[in-house]
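Thanks for coming. I will go through a few local features of one structure, so please have the viewer open.

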Amino acid sequence: MVFLPQVEDGAINLHSDQIQLPRNMIENSMFEEEPDVVDLAKEPCLHPLEPDEVEYEPRTSRLLVRGLGEHEMDDDEEDYESSAKLLGMSFINRSSGLRNNMSVYRQSPDGSCSVPSTRTMLICTGVLVIAVSVIMVIYLLPKCTFTKEGCHKKNRTMELIYPLATNGKLFPWAKIRLPSDVVPLHYDLDLQPNLTTLKFTGSVKIVVNVTQVTKKIVLHSSGLNITKATITSTGGSQEKAVELLEYPLHDQIAVMAPESLLAGQNYTVNLEYSSNLSDTYYGFYRVSYKDENSKQRWFAATQFEPLAARSAFPCFDEPALKATFSIRIKRDEKLSTLSNMPKKATTPVTKGIVQDEFFVSLKMSTYLVAFVVADLKNISMETNGSLVSVHAIPQHINQVEYALNTAVKLLEFYEKYFLINYPLEKLDLVAIPDFQSGAMENWGLITFRETTLLFDNNASSARDKKLITAVIAHELAHQWFGNLVTMEWWNDLWLNEGFATFMEYFAMEEIFPELHSDEDFLNLIFKAMMKDSLNSSHPVSSAVQSSEQIEEMFDALSYIKGASLLMMLKHYLTKDVFQAGIEIYLHNHKYGSAQSDDLWDSMNEITNGTLDVKKLMKTWILHKGFPLVTVNRKGKIISLHQEKFLYSVEPDNWTSDTSYLWDIPLTYTTNRCNFTHCINAYLLDQKSAVIELPEEVEWIKFNVDMNGYYIVNYDEDWETLIDLLKKNHTALSAKDRANLINNIFSLASLGKEPLKKAFELIDYLKEESSTAPLSQALFQLGLIFGLLEKRGEQQLAARVMYRIECLLGNKIDQQNWTDDGTISERELRSMLLTFACTHDIRNCRTAASKMFDEWMKSNGTMSLPSDLMKAIFITGAKTNDGWEFLLKMYSSPVPEAEKSKMIEALASTEDVRKMMWLMQNSLEGEVIRTQELSHIIATISHSLPGHLLAWDFVKENWEKLTRKFHLGSYTIQNIISSSTSQFATKVHLLEVKTFFESKSEESSKLRCVKEAIDTIQLNIQWMETNLAKLQEWL
């Protein structure tokens, strides 16, 4: 899956730590409500439970246990031991009350306690002996657990109190994860969506294989009205009625068979159901749009990742439970349908209704199943036996050619690189009018937001082209990483998303070098490291169970950190060894599932004992955060020391000196060699080490081109590097210069280097002409400007802006208002002029206002430079007439690329009434699509008049937001982060804490909430440390 940036480059983005994703961990599950508690000994046995079916519920669900069998708890049970402890604590509390009232000690008049009588002592001794005897009988009687009915020698496990189903009967399963006694083999799925009533009916026949004798089949279902349930045995034709139990808390249903299901046998579960097309962005959902005649039309599509296939059809909705799928969809004959596989046949059903049948799919996970019902047009091209098609609503079909050509080039590249052909006969790319994420990699049917697939020659900028190319590259990489080989469980989501992100940028460098995508990746890594340096961070591979935990795995760490670790490994192993390891990994696990260790084992097959890749990479995957490497140079001797980079002290003292020790593949270059041809490597696998150079050097730069995921502190050598940049900045690559800027500002925030030294380093920027270092400098300075401005330090903020103008003013003046030049030149121009117009420096607004007025007089027909459209629109929106005209144009049939720039401009207004209208309207989805809401909130949050307003809006509409976007989702993460990241006072810290504590446990425990609180605390700390110093020397 791909997620989009909240705000593009330029001033509005300067304070944002949102990540342009090409898409924290609580170890125990959290539930919205607590299951009912029932005593099995007092309840008639509704369904016989085999001993191996007795399971334990996570501690937060408070399921109670009655006693222990003779065996000890196994690993799975250890996590649930607290249920028994809860009972024990309850008993102790009650006993202590009795002791208070019935103490055997007598109190003398003077308040002292007298010795108990002999009679009392004898009675107590007798009671104690009897109690011990009973306990010994219960726990030492061989193979026996006592219940109301007596001793059942067969049952040697804890007897669990199961939760209740919706009908009041016992539900035979208590875990979030499904039992392993039944696995799916094949689904026959029939659907009939109605785009008039906005409902759908369905039926599914699931062929399952029984791995051990059972009477239950537990699977997922969410929000489905199941009207019929039967089961058929292998080779049998007679359907047998079954009892169906539902447990909505876990989105689970249980099919209770009338007789035991035998191990090794196949059975078919038949279910009929109905539901509404969802009005959220999950499951089988519907969106509306206006056609060429401004008439409202409906579009039905799916978004199943991670946990929403269960809301479209009952299924085993876990990634490792792969199966094949046969899909048939009834539709209006005027519409068209698409699914994962090519269409097999279309047959009439009734007047105006036809049924499309699709070929049987390959073995795949439920979250990759997809279907679309809409009025679509397409263009196609064949490559290597696969038909690639791009689909859009009719009025946008003229904007799909670039996407088609790009997809074909990327598909051919991946087939050659992986040495595995794309396995399907067709690949459809579909632009959906209202779509929460950037895109979704459904096998053979990739769905996109329109702005990530449609390219308009007149309205799409250089950055738009890069975005479209990147998203297509990401989703096509998923056809191998994620679809062909899938992570076994969501804890290893990075195997999907980290790999797809890595391949996205790698493929773009190989096929589209003119786009310079490596610079974009660099900035993403910097922002991911900001998130990873907080207490609230998490390891790339983290234990997850609940839906909120799973949703929160879709973050910058799974995507960007995962990708940067793969890039670091590729550079260390060399590209040929790395590629060979990937080929083995894909071949060994195709059509199956994998864990992180499977990848390292594949790499080790290639290194053949020369390097233990598993040992090297486990430190990076299982540790949160990243190392800080301190370099001290004395002549030829380079002393190295590693420690964890952390913005604040850990709350608990569990971090020892050795618990955070990385195996770091260091790279470095010196003045003695050309940086493009002379890169040295050293593996730092200890706390400290020494490198002896062959000769003394003038300077040394570690982490060449930022190919490693670590920060470097140069101690005394910072002065040498600052001097180098002033005298000859091109001695280092553009990425190295950006890396130095990022590192010194990060160290200044950490308190390792003075902020003044960071400002001294960027003094050379007057001579800088590359995008990467300039954008990193603007980002860092923008963070400081935003904090000062929102804190009410307007004069100091103005001095920061003056410093920026002194550094970049001449460069801004040199820009022309055209789309001329290379992609890099165009991007730099767009970034500088958008920044200048937003902050009203130089004469930017004068030129932009003139162009906007001419465009408005032409009623929007005049062509504007696409790269500068955003700067022009932001300037125009400062006036009431300009804002109203932009809103009118947004509602007209202009290209999506143009609309996205209009939205950002509309949200950049300084009128709080307009801000509130935008947010409210977008939430309702009437004029402004709801997909834009998080973008709008982020933009408003970064303005002085809007940052408090955005937070108030989030508080007042929290329930609506979490219903529409789901707790933990990437959109909710963005909304929380952007609406709180500007706060830097203890009053706001308390307000944010209090608000989330007043919400559900699921809300208050979200990692993104902890991250927001961490960020505010760090903002406060930064102000306390640096405010007085800035006032003194800036």
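**Sheet, helix pair, cysteines**

Start at leucine 245, which stands opposite alanine 254 in β11. Before going further: this is a predicted model.

The strands around that pair come next. β10 and strand β11, residues 252-261, are paired in the antiparallel sense, and the pairing runs over 5 bridges. In general, the strands of a sheet pair through backbone hydrogen bonds, in either a parallel or an antiparallel way. Here the sheet is open, has 3 strands in the order β7-β11-β10, and is antiparallel in its pairing. Which strands stand at the edges? They are β7, 214-220, and β10, 243-247. Each has a single partner strand, so one side of each is left without a neighbour in the sheet. On average, neighbouring strands of this sheet are turned by 25° against each other, with direction ignored.

Helix α9 covers residues 556-573 and helix α10 covers residues 575-589. How are they packed, in angle and in distance between axes? The angle is about 120°, and the axes are 6 Å apart. Angles of 65 to 115 degrees count as roughly perpendicular and those over 145 as roughly antiparallel, so α9 and α10 are classed as oblique to each other. On the α9 side, the contact is made by Leu566, Leu569, Lys570 and Leu573. On the α10 side, Lys575, Val577 and Phe578 make the contact. By type, the residues of this contact of α9 with α10 divide into 5 nonpolar and 2 charged, with no polar ones.

Last, the cysteines. How many disulfides does a search of the whole structure find? The search finds 1. It is formed by cysteine 837 and cysteine 844, with their sulfur atoms 2.0 Å apart. The torsion about the S-S bond of this pair is about -85°, so the disulfide is left-handed.

Are the two cysteines of the pair buried or exposed? The cut-off for buried is under 20% relative accessible area. Cysteine 837 has a relative accessible area of 0%, so cysteine 837 is buried. Cysteine 844 is at 3% and is therefore buried too. Cysteine 678 has a relative accessible area of 24% and so is partly exposed. Cysteine 806, at 35%, is also partly exposed.

That is the end of the tour; questions are welcome.

Notes: Residues are numbered from 1 along each chain as its sequence is written. This is a predicted model: local features need pLDDT of at least 70, side-chain atom pairs count only at pLDDT 80 or more; totals for chains, interfaces and linings use all residues. Side-chain values use heavy atoms; hydrogens and water are left out. Axes are lines fitted to C-alpha atoms, for helices over the stretch in contact, and angles run from 0 to 180 degrees between N-to-C directions. Helices (H or I, at least four residues) and strands (E, at least two) are DSSP runs, numbered from the N terminus. Angles under 35 degrees count as roughly parallel, over 145 as roughly antiparallel, 65 to 115 as roughly perpendicular and the rest as oblique. Contact means heavy atoms within 4.5 Å. Ala, Val, Leu, Ile, Met, Phe, Trp, Tyr, Cys and Pro count as nonpolar, Asp, Glu, Lys and Arg as charged, and the others, Gly among them, as polar. A disulfide is a pair of cysteine sulfur atoms within 2.5 Å. Buried means under 20% relative accessible area, exposed over 50%, partly exposed in between (1.4 Å probe, protein chains only). Two strands pair if DSSP finds at least two bridges between them.
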